Amino acid sequence: MTTSPSPAAARPADLMKKLVALCKSRGFVFQSSEIYGGLKSAYDYGPLGAELKRNLMGEWWKDMVTTRENVVGLDASIIMHPDVWRASGHAAGFSDPLVDDLVSKERFRADKAPRPSPGDELPITCPDKGVAKDWAEQIEKRFGVALERDANVLRGMRALDAKTVGFFPKGATSAAQTFPWRGYVSPTFGSPFLSDERQFNLMFRTALGAVDPMQDVAIVLAELTAAPELAAALKAKFGAAADEGALAKAIADGDRTRMLRAAIEQITSPNMAFLRPETAQAMFVQFKNVMDSLGLKPPFGIAQMGKSFRNEVTVEHFIFRSCEFEQMEMEFFCEPGTQKEWMAYWKEQRMAFWRRYANYPEHFKFRQHASDEMAFYADDCYDVEYLYPWGWGELEGIASRTDYDLSQHEKHSGVKLRYVDQEKEDPETKKKPWIYKPYVIEPAAGATRGLLCFLLDAYHEEQRTDAEGKPVTRTVLKLHPKLAPITCAVLPLVRKDGHPEKAREIIQALLAAGVAAKYDEKHAIGKRYARHDEIGTPWCITVDGQTIADGTVTLRDRDTTQQVRIPATEAVQQVRERLEKA
Ligand code: GAP
């Protein structure tokens, strides 16, 4: 595909707003349950969005599975055994410490917050002067410091060291008051007045079994709350379980809320299940079955794509981050010691995939993770980042995960997840066979996020002049032809004179050849071209008077708007050739 010389700077200033509006008006993406007020955490893919998503995921599957000898596919269940998530660490650790700004009430992830350096001033930037007055009063009342108001900014706080902030009245050279601090400020307003960090589980819970566990909860709670002494009633009800874990701790602390909460966990945990927060774990859990059933030998990959669910703290930027989304992930199992080579190979392959479908390949780049950013078990990690309208951000993670996941599932399941290589010597004992847990390279991409990237990449506004010389804006989605929801539209110039009949003949031939084609006769021809430009249809075939006279049609190219005349009998072949070459 040709690359137009349009840098990110040439994007319309309100690109996201325009794209979201186009997605709705043209049937790509709708807000979930819109007629009931809508859900911000989930989206519905309309007729064109569904095709675009299928095409993107189809291209990924082709690229990762069907065109490779050493990668196989998997389509695992969304609900897995709860122990999977205990082994993977998601049940305990799939949570981000969250903090509230005590002044603005902004809630944010502690690990993503700005971290000023010792000595830095900590100005609190309020939305406006009125709010600044309000917040200054709140801070004075709650923390006893009178910050200086400078329009909408509150001044006077300063970072002393990584653990302390100080209040410096105007002109003071030493702190009049100090406060303990955790080294960061709230991201939007810069406030150092923050709550404790709290854990939130990001996995969606559900219960397996037709009997509603809430009935059991209600019965037990009725019993417990009627008892004269809650701690004694809990011990009588739960026996040994009351001597350990959260229940024992809550009893020891005499905290009634936590006691009841722990009791509810006790009652519901036998039936508790989670919606998968990633597609990846199934590839580890089914590693042995897949390997044994197909007689595979490392290096090989297991790939899967599909829905994942996360109770995200913030859902943002349309479909960029939502609670229900789709992923495309592959676990590549290789011999320990070869992971560096495979990392280099998959990095190159994955970047080539994204850039292949882009108008602006330079809007995709790698970012290597710093060592303190990586999970403790990973030995290397890169993000494929895309240049979103709000800046560079993650699209795919490519992680070298060592044998951590297989080790965890071995430990929790008791099943050996190893490959027995009869032909090789164990590097330590120098004896055959070599029995090892493969190391893993994991390219983990967002499918719905990828769809957003390609919509952003495709959205163009071109300034043109119409037939009367007036300036007009042409909106065109320059989607790669292999991704475009409709490959070819067939348009009769008028709804008479045999044009519709001929157009129907052509469309039948295209459909029979497997080309995604649509017949379109509504509105004037110019409007129809504009509509197909807006939804990214790469080619339009038009049947006109000349078609009836000499059997030729026009074939219009979306990006150049150039038209060529071709025999109608060659329409299928010409469209297929162009699609293949794209
Ligand atoms: N198995 C590894 C894993 O899931 P991740 O970085 O959490 O890694 C991989 O997710 C990709 O999935 C991300 O790069 C992103 O494209 C996509 N993704 C993650 N959370 C998402 C969300 N809430 N909404 C949309 N896409 C998401």
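Predicted model: local features only at pLDDT ≥ 70, side-chain atom pairs only at ≥ 80, totals over all residues.
Residues are numbered from 1 along each chain as its sequence is written, and side-chain values use heavy atoms, with hydrogens and water left out.

So, back to S19. When I say strand or helix, I mean DSSP runs numbered from the N terminus, with at least two residues (E) for a strand and at least four (H or I) for a helix. S19 covers residues 380-388, and on one side S18, residues 364-368, runs antiparallel to S19, joined by five bridges. S20 also pairs with S19 in the antiparallel sense, over nine bridges. Pairing here takes at least two DSSP bridges between the two strands. Within that pairing, Tyr 382 stands opposite Ile 398 of S20, and the hairpin from S19 to S20 goes through two residues.

How many residues of S19 are buried? Nine of its nine, where buried means under 20% relative accessible area, exposed is over 50%, and partly exposed is in between, with a 1.4 Å probe and protein chains only. In a regular strand, side chains alternate between the two faces of the sheet. For S19 both faces are covered: Asp 380, Tyr 382, Val 384, Tyr 386 and Tyr 388 are buried on one side, and Cys 381, Asp 383, Glu 385 and Leu 387 on the other.

Now follow S20 along to the ligand. S20 (391-400) is one of the strands that supply at least two residues each to the shell around the ligand, along with S17 (324-334) and S23 (439-446). S23 gives the most, with four residues. In total, 18 residues surround the ligand, the closest being Glu 312, Ser 322, Glu 329, Glu 394 and Leu 395; the cut-off for being near is a heavy atom within 4 Å. What classes make up that shell? Six residues are nonpolar, three polar and nine charged.

Some polar distances, then. Glu 394 has a side-chain N or O atom 2.6 Å from an oxygen atom of the ligand. For Gln 327, the distance from a side-chain N or O atom to a ligand oxygen is 3.1 Å. Glu 312 puts a polar side-chain atom 2.7 Å from a ligand nitrogen. On its own the ligand exposes 560 Å², and the protein buries 89% of that.

Is Arg 401 buried or exposed? Buried, because its relative accessible area is 13%. Its side chain makes a polar contact with that of Asp 405, at 2.8 Å. Leaving out residues up to four places away in sequence, Arg 401 touches Phe 284, Glu 331, Tyr 377, Val 440 and Glu 442, with contact meaning heavy atoms within 4.5 Å.

Last stop: Lys 424, in the loop between S21 (419-421) and S22 (434-436). Lys 424 counts as partly exposed because its relative accessibility is 35%. Its C-alpha atom is 5.5 Å from that of Trp 434, 10 residues apart along the chain. And the side chain of Lys 424 makes a polar contact with the side chain of Glu 335, at 2.5 Å.

How values were computed. Polar contact = N/O pair within 3.5 Å; in protein donor to acceptor, adjacent residues only side chain to side chain. Areas by Shrake-Rupley, 256 points an atom, 1.4 Å probe, with all protein chains shown as cover. Nonpolar A, V, L, I, M, F, W, Y, C, P; charged D, E, K, R; others polar.
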